[in-house]
Amino acid sequence: NAKDIKLSDDASLVERVNYMIETDVNPGLASHGGKVVLVEITENKTAVLQFGGGCNGCSQVDVTLKNGIEKQMLVEFDGEILAVKDATEHEAGEHSYY
């Protein structure tokens, strides 16, 4: 906990979303060799994410996105984030689960 990045009271939405990803989401994904990063937050309040590692090509990535990450983000960033999308190209390249 002492090594965690601390957010200032006036942290931007991007900073707060990145903090949530690094502290809440990625530790769970790391147990499967995966990770996720924020690509952008669009004007229509959609958080665009990219999966990597063991999540790239995983058959459960949609469940992780919709029932895990999106559900948590919609509660934590109520009104600031309205949807979450996956920008990962799961069909191209070498994948952990193919």
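This report describes the sheet, the helices and the nonpolar core of a predicted model.

Residues are numbered from 1 along each chain as its sequence is written. Local features need pLDDT of at least 70, side-chain atom pairs count only at pLDDT 80 or more, totals for chains, interfaces and linings use all residues, and side-chain values use heavy atoms, without hydrogens and water.

Helices (H or I, at least four residues) and strands (E, at least two) are DSSP runs numbered from the N terminus. Two strands pair if DSSP finds at least two bridges between them. Three strands form an open sheet in the order β1-β2-β3, with mixed pairing. Because β1 (34–41) and β3 (83–86) each have a single partner strand, they stand at the edges, and one side of each has no neighbour in the sheet. Strand β2 (residues 46–53) pairs with β3 in the parallel sense over four bridges. In β3, K85 stands opposite V48.

Axes are lines fitted to C-alpha atoms, for helices over the stretch in contact, and angles run from 0 to 180 degrees between N-to-C directions.

| Helix | Lies across | Angle |
|---|---|---|
| α1 (residues 13–30) | β1 and β2 | about 165 degrees to β1 |
| α2 (residues 61–76) | β1, β2 and β3 | about 150 degrees to β3 |

A nonpolar core is a set of buried (under 20% relative accessible area, 1.4 Å probe, protein chains only) Ala, Val, Leu, Ile, Met, Phe, Trp, Tyr and Cys residues joined through side-chain atoms within 4.5 Å. The largest nonpolar core has 19 residues, of which V17, V36, L49, F51 and M73 touch the most other members. Two or more residues of this core come from each of α1, β1, β2 and α2. Helix α1 gives the most, with six residues.

Conventions: Contact = heavy atoms within 4.5 Å. Buried < 20%, exposed > 50% of the residue type's maximum accessible area, 1.4 Å probe, protein only.
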